[in-house]
Amino acid sequence: MKNVAVLTSGGDSPGMNAAIRAVVRTGLYYNLNIFGVKKGYEGLLSNDIKKMNASSVGDIIHKGGTFLKTSRSEEFMTENGRKKAVENLKTRNIEGLVVIGGDGSFRGAQTLSREGIATIGIPGTIDNDLAYTDFTIGFDTAVNTVLEAVTKIRDTSTSHEKTTIIEVMGRYCGDLALYAGICGGAESIIVPEDPLHIDEIAGRINKGKERGKLHHIIMLAEGAGDAKSLQKDLIDKTGESARISVLGFIQRGGDPTAGDRLLASRMGVKAVEELLKFNSSKVIGVRNNQLFSEDIDQALGKKKALDTSIYSMAEILSL
Ligand code: F6P
């Protein structure tokens, strides 16, 4: 293996830059030619591929987003699109590709590997929705970003003695709501993995009021329901109109935490080392703080489950 490319795809996540840097520098360390692909799979189609050197990735480890840019490419999903992508890689003799992204991006890598391009995936998403790995790059930063918002919202909720619904991202995974909810001391956490129990939440709000609680924070994962309809149901049950804060894209930005920079750096090194061992169609993961690689098929076949030991803690701690 002599020529390797790297791209970021799907929703960006803090730490992607640190991962790109690690891939580029590790490749150079092992005397490979490393290419950066712009805008994810779109760049493979438009041939927006540039050779990188050590300075190409200087001064980016601390920055959020992805300097290679990203996209969700419709054209790459088609057979013709993928043919074009493979041609553009083969013209440059690029034999290996590191894909940094989530499950959709990994599916793209899987199809490319069937066309003879060795692919390795690095999990980059704020959602932490990949079952095969304990953590994805960007999740820790997103939890901290949400937490900062919760802390501020708590001040005003307490001052006005209000219930606030904070809606967070995460797609169909409740991890972001759960981790930020536990760390922010939320009174209720609603995740897609456990159906919404409106009576239980209303009961908790009323019980809190009885014991003189000045606020009630509800962390709502976007995949668990809609903040507006929850607000409406709560008016019916408690007589109170809760405030709504939808945090939105702020959750995807920001400087990566030390944890995300370290995870990204470790995974970037490991991804290139896998290519050097002629491995393909694999994803890098972390379990119990140990890195490993696993077949993409196998990794994507696993169903993510909520960590019930943490979820049950929420019940105890929000008394
Ligand atoms: O996957 C990351 C994520 O931010 C999700 O949490 C969210 O549902 C989605 O992307 C938003 O996607 P888009 O950028 O396409 O609006």
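Glutamate 187 is buried, with a relative accessibility of 4%. In this predicted model, glutamate 187 forms a salt bridge with lysine 213, and the closest N and O atoms are 2.7 Å apart. The two residues belong to distant parts of the chain, 26 residues apart. A search of the whole structure gives 16 salt bridges, and the domain assignment divides the protein into domain 1 (3-138 + 256-300) and domain 2 (140-252).

**The pair of glutamate 187 and lysine 213**

- Glutamate 187 lies in the loop between α6 (175-183) and β7 (188-190), while lysine 213 lies in the loop between α7 (198-210) and β8 (216-221).
- Lysine 213 is partly exposed because its relative accessibility is 25%, a value between the 20% limit for buried and the 50% limit for exposed.
- Glutamate 187, at 4%, falls under the 20% limit and therefore counts as buried.

**Other salt bridges**

- Aspartate 12 and arginine 252 form a salt bridge in which the closest N and O atoms are 2.8 Å apart.
- Glutamate 274 and lysine 277 meet through their side chains in a salt bridge, with an N to O distance of 3.5 Å.
- Glutamate 274 is buried at 2% relative accessibility, whereas lysine 277 is exposed, with a relative accessible area of 52%.
- A network of salt bridges links Glu200, Arg204 and Glu315.

- The C-alpha centres of domain 1 and domain 2 are 34 Å apart.
- In domain 1, 15 residues are in contact with 13 residues of domain 2.
- The area buried between domain 1 and domain 2 is about 1100 Å², of which 48% is on carbon and sulfur atoms.
- On the domain 1 side, the residues that lose the most area to domain 2 are Ile126, Asp127 and Thr257, which together make up 42% of what that side buries.
- Two salt bridges are found across the interface of domain 1 and domain 2.
- Eight residue pairs are in polar contact between domain 1 and domain 2, counting pairs with both residues at pLDDT 80 or more.
- The side chains of aspartate 127 and arginine 171 meet in a salt bridge, at 3.7 Å from N to O.
- Asp127 is also among the residues of domain 1 that lose the most area to domain 2.

**The annotated position Asp103**

- The unreviewed UniProt entry lists Asp103 under "binding site".
- Aspartate 103 is part of helix α4, which covers residues 103-114.
- The relative accessible area of aspartate 103 is 32%, so this residue is partly exposed.
- Leaving out residues up to four places away in sequence, aspartate 103 touches Leu130 and Leu300.

How values were computed
Residues numbered from 1 in each chain as written. Predicted model: local features only at pLDDT ≥ 70, side-chain atom pairs only at ≥ 80, totals over all residues. Heavy atoms only, no water. UniProt positions renumbered as here; feature names shortened; annotations may be inferred. Helix = DSSP H or I, 4+ residues; strand = E, 2+ residues; numbered from the N terminus. Buried < 20%, exposed > 50% of the residue type's maximum accessible area, 1.4 Å probe, protein only. Contact = heavy atoms within 4.5 Å. Salt bridge = Lys/Arg side-chain N within 4 Å of Asp/Glu carboxyl O. Domains from an automatic or database assignment. Buried area = accessible area lost by both parts, 1.4 Å probe. Polar contact = N/O pair within 3.5 Å; in protein donor to acceptor, adjacent residues only side chain to side chain.
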